[in-house]
Amino acid sequence: MIDSKIPDGPLADKWNTYKAKAKLVNPANRKKLTIIVVGTGLAGSSCAASLAEQGYNIQSFCFQDSPRRAHSVAAQGGVNAVKNYKNDGDSVYRMFYDTIKGGDFRSREANVYRLAECSASLIDQSVAQGVPFAREYGGYLNNRSFGGVQVSRTFYARGQTGQQLLLGAYQSLLRQVNTGKVTMHTRHEMLELVLVDGKAKGIIARNLETGAIERHVADAVVLATGGYGKVYYLSTLAMGCNSSALWRAHKKGAYMAGVSWIQFHPTCLPQHGANQSKLTLMSESLRNDGRIWVPKKAGDDRLPNSIPEEERDYYLERKYPAFGNLAPRDISSRAAKERIDSGHGAGPMKNAVYLDFSDAIAAQGKKTIEAKYSNLFAMYEKINGIDAYKEPMLISPAAHFTMGGLWVDYELMTTIPGLFALGEANFADHGANRLGANSLLQACVDGYFIAPYTIPNYLSGELKATKISTDHPAFAEAENSVREQLNRFLQSKGTLSTDYFHKTIGRLLYEKCGLSRSKQNLEEAIVAIKTLKASFEKDLLITGDDTLNSELEKAGRVADYIELAELMCYDALQREESCGAHFREEYQSNEGEAVRNDADYCYVSAWEWKGLTNPPELHKEPLVFENVELAVRSYK
Amino acid sequence: MKSTTLKNKIIIAGTGLFLCFFLVIHLLGNLQLFLPEDQAREQFNWYSKLLSGNVFIKIISWVLYLSLISHALYAIIVTIKNNTASKQNYHYDKRNFASAWNSRNMGILGTILLLFLIIHFKDFWYVYKFTNLPIDAAGNKDLYEVVVQSYSQLWYVIIYEISFVALGFHLLHGFFSASRTLGLYHPKYVKAIKIFGWGYTLIITGGFMAIPLYIYLK
Amino acid sequence: MKLYLKIWRQLNATSKGEMVDYEIDGVTEHMSFLEMLDLLNESLIQLKERVIEFDHDCREGICGQCGVMINGRAHGPLKQTTTCQLHMRSFKDGDTIYIEPFRATAFPVVRDLKINRTSFDSIITAGGYIGASTGQAPEANSIPISYETVEASFDAAACIGCGACVATCKNSSAALFVGAKITHLALLPQGKIEASKRVLTMVDQMDKEGFGACSNTEACEVECPQGISVLSIAKMNYEYNKALIMKK
């Protein structure tokens, strides 16, 4: 049994109890300790800055050319926090409950409560850093309602909330670079975790600019490397987002949990061709005024404006009259996929649904719609060349956020002592489905407010440990395995590029382990993945050398994706219920709604790596709900 | 403080604005040339004497020379820095699309003005200060005669007119650029300054251009 | 459509680069500019040649990592558009396209179209922040900030740090980038406390990194993907001059 180390006591007191009892490190000793932080997104930057402020030495790594590029930058909508500025009945408990329910009762009560509890401080922290959150004319902070909750608790900075929060964290990070407490390693990719006596003590990183393989030693390692939705190739993620840091830690013994729980965002731009690399996300706020429909007749080739009203199927309004076009993400996405699969898809590739603003424009006037969404309409026109004031937008669901990740305990430590996972890289807070505007929150809270307590608690025990240098045999061994893999890629004499394999695994996963899954599909997928893995070994073609080489970088990431994809399928196959983003076709009601099985599956699936040829081993962490009643999510 | 570039820019802006101010005074003085000939001769020569005799004016003129020299000198220093910052050229360059021609070529315009000033100083300032000129009825050196003689030659008028066009473009960008360098950032006043800058440039340039033409055509 | 590409190839910062000709067929108008480069790279791989290295990440115009000169203009022909958001419908069959890296002494070429923009980070490191450590913050609403102020601050804060301003500037000046950060922070009450020190250190660092001076040609605003106003440069100058005068 794995121990989640949740403190005893009433839910509301757990975090305070933990903080009161957590061990500290004497300021004079902090400068003797080094922490490696991989990733400079919200979680990584905030954690690195906070720990550096305390006096620890930080080695910070990112694969981009600057820490400010991390993909947190792309989050549009906002960040949730319990401030109750609107006086509309918000409270820590209510936010806790919304998040637990939104996650379809597959997350830990204690973690989620802590997330809600720390949320208010995050807004204070960000404002102090100079994040220009939207304000009312009186000068006080403004909120909006987001993602199907009944209170206004979302703080936002136009459609660039992620960017503004990240710049705040990035500036705090660089402030610590200035003090000398943080050493930045940009264009560096972590390729291996180094364990000494079972504890995380360093990493092997590759300097992407020169190709040099470097050893870095530390007293603890933090992975804040984001999500792996890019495994589907077509996703809302950045091209460089990858699972390699997580996966390599997993192969060294860290468990992965909730691996197949991937959120598909319902309002993205559809694929238009085989060479497409990215599905751009359009803010969900569009659903406040846009009506979603498809033609009633399958395979209807008419232009949208020439399809009369009575031949349109407003399927969300039809199926979910209470929430209509604002139904939660997983439900909207699945409904869209169902319509598309049944042949009602719109657009040149018949892979989209319409998001129609004509009624809203008629009712509110074009000016009002412009004031709300002009930047989004402009972006739509930029990408598709279509004026959405005149013609409905084409949208489709796309892989967006990974609820799953490295299994962590209450302290955000993985099953490897000294290895911590923060932000989207861990599995902890969102259960089987994430609520809108909770991802920025989780990343920030992990980095600013949780890790700064839990990591010192671990480090206090490491002070007396013997200091390790990079000459330790464990480093040599890790470096060798990295070099071996890189050489294998460079020497492969096949005919297919890394992108080919990435696109293939992505398509396979989307079809078999995407918005909906079935036993048969998943079993087929596992077989197909094994075949693809074999093909990757012999058919890969990499040009260039071992210096700067983007193809070589991609090869390592794709190799990890293929293995990860297999685990995703095992995870989805084993969980014989539908919950949140995980929809098993066998487990649905007569009306096509997800059916959860709390009796048999109310646990976290934590998977252990058992080697290349063996299936992974499942460990169960039971989820105990003492403060909420397990209810059926209904949006009818 | 170690930083230099922005300080150099402040010097260029400050001296530039002082020169702008001087141009107004200079033009006002020169407007006397539009008077009927006899009156103009007497007035203008008296005015010239006034400018060269007064201690207060003398101090101002030294400031003026210093401004001219430092304006040019610091412009050269900044240009060298700028050239070091952008050594490599684009093989295909359409960046010009994004900005006005004169704003990119203040150096060339400035060089034209410098050459002009050499001629201008030599023919009037030097002649007035260091040569023996005939005396007018009031007993002042007859600079008016020198002016009339000079502007009766077509080629000389052409050189002046070309230089004034360069001056116009230089002023148009220079005046507004200086206001920015000195930190005028409020949108409302920025607009006012832009309008004022246009007006100023048109009046100064138009005024200076009219004088040689008026005398030549008379 | 078929296109003729002339692309800058350079092995590393010290080697001499050159323009190399490529032909590419099968480009569709819906492709983004970077997808067109992906397609070209795919064909180079099949020819067993080294791919063209270019910077990119989010491909939705916000990370600021992409950015090349396209036909002599930073991020190509469209206004307020990053390279990744430029689509091939802006070109037509048979066009010749020149693709070069953003050039500036402070942005040395890493390889091909990849450049090193660490100089931007160094300027922020020198002082582009508010010195608020974690856990010190007062209640957020205890500092009311007017709607107009925060919107103006956001306008400047929207900078994505791509470097198009530097690339398009005849002097390779970073004034717009630095001005945007100065403006973002100096407008906010929280940022005013360190405003003098911030502007002096940042401008100093900007000089040290080897950027040129601002000639107020305003080209940067035209090419900025976020449309950041050149008035933020004036605001920087204002803050700088004020700091010089008030300095003890």
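Buried area is the accessible area (1.4 Å probe) that two parts lose on being put together, summed over both. With that in hand, I opened the model, a predicted one, and went through two of its contacts.

**Entry 1: chain A with chain C**

I started with the area. Chain A and chain C bury about 6,500 Å² between them, and carbon and sulfur atoms account for 49% of that. I then asked who takes part: 78 residues come from chain A and 75 residues from chain C.

Next I looked for charge pairs. I found 6 salt bridges between chain A and chain C. I picked out one pair to view on screen: A:Arg187 and C:Asp55, whose side chains meet in a salt bridge at 2.9 Å, N to O. For polar contacts, I noted 49 residue pairs between chain A and chain C, with both residues at pLDDT 80 or more.

Which helices of chain A supply at least two residues each to the side that touches chain C? I listed α3 (42–54), α5 (109–129), α6 (161–179), α11 (366–384), α12 (439–459) and α16 (550–574). The largest share comes from α6(A), with 9 residues. Sorting the side of chain A that touches chain C by class, I got 28 nonpolar, 32 polar and 18 charged residues.

**Entry 2: chain C with chain B**

I turned to the other contact of chain C that I had marked. Here 45 residues of chain C meet 41 residues of chain B. The buried area is about 3,800 Å², and 56% of it lies on carbon and sulfur atoms.

How many salt bridges cross the interface of chain C and chain B? I have 2 in my notes. In one salt bridge, the side chain of B:Lys194 meets that of C:Glu218 at 4.0 Å, N to O. That distance is worth a second look, because the rule asks for a side-chain nitrogen of Lys or Arg within 4 Å of a carboxyl oxygen of Asp or Glu. I also wrote down 27 residue pairs in polar contact between chain C and chain B, both residues at pLDDT 80 or more.

Technical notes
Residues are numbered from 1 along each chain as its sequence is written. Chains are lettered from A and ligands numbered from 1 in the order in which they are written. This is a predicted model: local features need pLDDT of at least 70, side-chain atom pairs count only at pLDDT 80 or more; totals for chains, interfaces and linings use all residues. Side-chain values use heavy atoms; hydrogens and water are left out. Contact means heavy atoms within 4.5 Å. A polar contact is a pair of N or O atoms within 3.5 Å; within protein, one must be able to donate a hydrogen and the other to accept it, and residues adjacent in sequence count only if both atoms are side-chain atoms. Helices (H or I, at least four residues) and strands (E, at least two) are DSSP runs, numbered from the N terminus. Ala, Val, Leu, Ile, Met, Phe, Trp, Tyr, Cys and Pro count as nonpolar, Asp, Glu, Lys and Arg as charged, and the others, Gly among them, as polar.
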